Every structure is written in structure tokens, then in C-alpha cells.
Amino acid sequence: MKCCLILALMSTVGTVQHNVSKEKLNSLEGYTIPYLVYLDSKPEPCVGSLIHPEWVLTAAHCSLPVKIRLGVYQPSTKNKKEHLRNYSLTLPYPGFDAQTLENDLMMIKLSNPAPLNSHVGTIAIALEPIVFNDSCFIPTWTWNEYKNLSHPDILTWINQYSLPLADCQSRLQHGLAANIMCVGEPLNTISKNKEVSAAPAICDGRLHGILSWAKGSVTLGSEGFFTSVHNYARWILKIINTH
């Protein structure tokens, strides 16, 4: 029964208007992507995704958060609709390798459940592999002007198409392609655009990837390498069900 309840909750996808233009976004004060979680960590913050009222999914390479902020538009400023949480448990995937970034996934349990509303919501995880050439929505925060220990001030995103497994394998220097999904194009120019790490890839309404590393700026179209979530779905559901 508990497992069925979990699946029902995880199927409640946070409302995201993928067709909202950036110009319109700038006019919507306090607009949030409900499942995006700002992990205030040192020395660098990370992005998390709320996959259950009590659980955040992010990359294992991220530092543990000092604060967990829900319902955030601009991390550099506070808003009345924002909710703060601590964590009660962190569980990196048991096979995580910090050198190769293999199995780069981590679960974070919130100290108290998130209040689900129009500004805070969950996103369902992928249970099946991504379909080749599927369009993926990749949101994160960036800095208008990066300064050490400063918070980012811009919510941004891009829509990218997934690459076939053979192309992904050819771009990797090691044999991790089975658990990696690739998006974007090879880096042609160096960008000074700095993004918050561990951006999610939302494809067909589900969380399919967590950004592990990138060559350049993912939100400017450079290639990114994402931990493929569906390979870990059984582990994720087991963690939620037993903790």
C-alpha cells in the first residue's frame, strides 16, 4: 500500500509552463519551477529536484547543503513564498565514484515534508529509458556576475534533444555510457556563463537526467552528460519506501 502511495505521489508532476518565453518570465515576479530545489552548499550551490514531499534527488558530487530552499525564483533574494528546510538523511548511490563520477546520484531526505502548492511541487522520475531525439527541458540558475560565495540571480533554461547512445559513447573517454545520457553539441567557444551544478533534464514530463558534468554551458547549448535516472529507479523507490 505504501509503495502504491509513493508511486501516486511521484506521478504528480509539478506544473511547469515549458512554453513560457524568457521575456514573459522576466515580467512574472516570483515565478518558480515548482520541483526545482536550491541546495545552498559551500563552496558551490547545487540544484535538486523534489521527487516526493520528503525527498530531493541531486548529484552525489554536490556538497551537503547548509540550507534547502523550496519555491525559489532568484536565490539571491528572499521571497515570502519560499520555504526553508534542513535534511535528516543523505544517501549517495552506493557505487558513486568521485573520480570518474560514475553513479553520480544522491537522495536527500527533508527534515519536514514540503508544502505542496502552486510554487512547490513534485516531479515524477523516469521508469523507462529516454526515447531517442526526445526533447528535454533543462532548467537551472546562473549568475549575472559571479562572485565567490554569492547566490545566483537568474533562472534560466533550454530545450535540448537527447543524443543516440552511439554518439554518447563516442564522446566519453570511459565506458559509462550505459548510465549516461548526452544532450547538446560539442563545445566550439568558451563561455563565461556560470551555472549552478546538477541541473535536471525533464523529458516527456518526467525526470530523466541529473547533470553530472558539462563541457561549457548547458543552457547555452554546449554538451552535457547526465546521470540517467531510470537506471536507478528501483533504488530510488526502495529508499523512499524504507526510510
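Predicted model: local features only at pLDDT ≥ 70, side-chain atom pairs only at ≥ 80, totals over all residues.
The protein has four helices and 13 strands. Of its 243 residues, 51% are buried. Take the contacts with a separation of 6 or more: 67% of them come from residues 24 or more positions apart.

**The seven-stranded sheet**

Let's start with an open sheet of seven strands. If you step across it, the order is β5-β4-β1-β2-β3-β7-β6, and the pairing is antiparallel. Which strands sit at the edges? They are β5 (83–85) and β6 (87–92), and each of them pairs on one side only. Neighbouring strands here are turned against each other by 30° on average, ignoring direction.

Helix α4, made of residues 233–242, packs on this sheet. The helix touches β2 (46–52), β3 (55–58), β6 and β7, and its direction makes about 25° with that of β7.

Strand β6 is joined to β7 (residues 106–110) by five bridges, and the two run antiparallel. If you want a spot to look for in the viewer, find Leu91, which stands opposite Met107 in β7.

**The six-stranded sheet**

There is also an open sheet of six strands, again with antiparallel pairing. Its order reads β9-β8-β11-β12-β13-β10. From one strand to the next, the twist averages 35°.

For β10, the partner to look at is β13 (residues 224–228): four bridges join the two strands, which run antiparallel. Here Cys182 stands opposite Phe225 in β13.

**Pockets and a cavity**

| Space | Volume |
|---|---|
| Largest pocket | about 220 Å³ |
| Second largest pocket | about 150 Å³ |
| Largest cavity | about 50 Å³ |

The largest pocket is lined by 16 residues. Which of them lie nearest its centre? Those are Ile130, Leu163, Leu165, Ile180 and Met181. Two elements, α3 (165–171) and β10 (180–183), each supply at least two residues of this lining. Strand β10 gives the most, with three residues.

What about cavities? Searching the whole structure turns up one cavity of 30 Å³ or more. The residues lining the largest cavity include Tyr38, Asp40, Ser41, Lys42, Pro43, Glu44 and Pro45. Others in that lining include Trp143, Tyr146 and His151. How many residues of each class are there? The lining of the largest cavity has six nonpolar, three polar and three charged residues.

Technical notes: Residues numbered from 1 in each chain as written. Heavy atoms only, no water. 1 Å grid on protein atoms, 1.4 Å probe; cavity = no way out; pocket = protein on both sides within 12 Å on 5 of 7 lines; lining within 4 Å. Points joined across faces, edges and corners; volume = space filled by probe spheres on them. Pairing = 2+ DSSP bridges. Axes fitted to C-alpha atoms, helices over the stretch in contact; angles between N-to-C directions. Contact = heavy atoms within 4.5 Å. Buried < 20%, exposed > 50% of the residue type's maximum accessible area, 1.4 Å probe, protein only. Nonpolar A, V, L, I, M, F, W, Y, C, P; charged D, E, K, R; others polar.
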